[in-house]
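Q: I am new to this structure and would like a close look at a single part of it. Please keep the answer plain and connected.

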Amino acid sequence: MGIGPIIRHRLGKYEIPAAEAYRNRFINLDDLATTLASLRPAKRILEIGAGDGSFGQRLCAAFPDAEYVGIDISDQVGRLFRGDRGRATFRPIRSDELRAENPQPFDLVCLVDVVHHLPEELRLPILDDARALTADDGMIAVKDWERGAGIAHAMAFAADRYVTGDKTVRFPSREELRGYIDSALPNHEVILETRIPPRRNNVLYVLSRLGPNGV
Ligand SMILES: C[S@@+](CC[C@H](N)C(=O)[O-])C[C@H]1O[C@@H](n2cnc3c(N)ncnc32)[C@H](O)[C@@H]1O
């Protein structure tokens, strides 16, 4: 275990503001959720690798009519979520397990800062699960941290490797991330490629399925 969970539990009521302040140094999650909401409406949203529920909370705010499902390998999934629990569900299951349940397809499937946590052999399969769980006219959003050389990247690496204690962390270059997407999601087009403030390392790809004639 990294030092993060130990410190977090000791913070008590200050845990959420401290976690928010810390994450805000790396990414503006409100901006990310608003960007996605500006593209297409969504009634059913899935987040794969939902973590403590921070981004799920933003998604529920940006899509006020949507039903949200957050899944994660952690049994603590959604622990810090403070949004509307009436339309948010958190489940400690893997994406392939959810896929096996054959749920009603989702209009938006998000993977935010998940790919860099995965061992290499799981990167394409998790994107394939995202594909299988998305409605024909839905969107897949993949946001990850582009490997870089500056102080911000060193801080991001230290946070993921030593604070969360995740030994498999390996940040992709932008080209690698694009390569995973192109391999796992053929017959899809990138409808948005952008960066999310405050760091250029935050690369977002949003994809939608091409029609039967490839358009
Ligand atoms: C940095 S957190 C991101 C949480 C959330 N997406 C957010 O942005 O607030 C990465 C999450 O990915 C989860 N994760 C790692 N491997 C996973 C896998 N194979 N399937 C699902 N989640 C996974 C971790 O448990 C962790 O909660």
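How many residues surround the ligand, and which are the closest?

A: This is a predicted model. In it, 15 residues surround the ligand, and the closest are Arg23, Glu47, Gly49, Asp72 and Val112. Sorted by class, this shell holds seven nonpolar, four polar and four charged residues.

Arginine 23 places a polar side-chain atom 2.8 Å from an oxygen atom of the ligand. For glutamate 47, a polar side-chain atom lies 2.7 Å from a nitrogen atom of the ligand. Aspartate 72 has a polar side-chain atom 2.6 Å from an oxygen atom of the ligand. On its own the ligand has 600 Å² of accessible area, and the protein covers 84% of that.

In one of them, the ring centres of phenylalanine 26 and tryptophan 145 are 5.9 Å apart and the planes stand at 75°, so the pair is edge-to-face. Phenylalanine 26 is in the loop between helix H2 (15–24) and helix H3 (29–37), while tryptophan 145 is in strand S5 (residues 134–145), so the pair ties together parts that are 119 residues apart in sequence. Phenylalanine 26 has 10% relative accessibility and counts as buried; tryptophan 145, at 3%, also counts as buried.

Another pair joins phenylalanine 81 and phenylalanine 90: their ring centres are 5.2 Å apart with planes at 65°, so this pair is edge-to-face. Tyr68, Phe81 and Phe90 form one aromatic cluster.

Conventions: Residues are numbered from 1 along each chain as its sequence is written. This is a predicted model: local features need pLDDT of at least 70, side-chain atom pairs count only at pLDDT 80 or more; totals for chains, interfaces and linings use all residues. Side-chain values use heavy atoms; hydrogens and water are left out. A residue is near a molecule or strand if one of its heavy atoms lies within 4 Å of it. A polar contact is a pair of N or O atoms within 3.5 Å; within protein, one must be able to donate a hydrogen and the other to accept it, and residues adjacent in sequence count only if both atoms are side-chain atoms. Accessible areas come from the Shrake-Rupley method with a 1.4 Å probe; for residues, only the protein chains shown count as cover. Ala, Val, Leu, Ile, Met, Phe, Trp, Tyr, Cys and Pro count as nonpolar, Asp, Glu, Lys and Arg as charged, and the others, Gly among them, as polar. Rings of Phe, Tyr and Trp (its six-membered ring) pair if their centres lie within 6.5 Å; planes under 30 degrees apart count as stacked, over 60 as edge-to-face and the rest as tilted. Helices (H or I, at least four residues) and strands (E, at least two) are DSSP runs, numbered from the N terminus. Buried means under 20% relative accessible area, exposed over 50%, partly exposed in between (1.4 Å probe, protein chains only).
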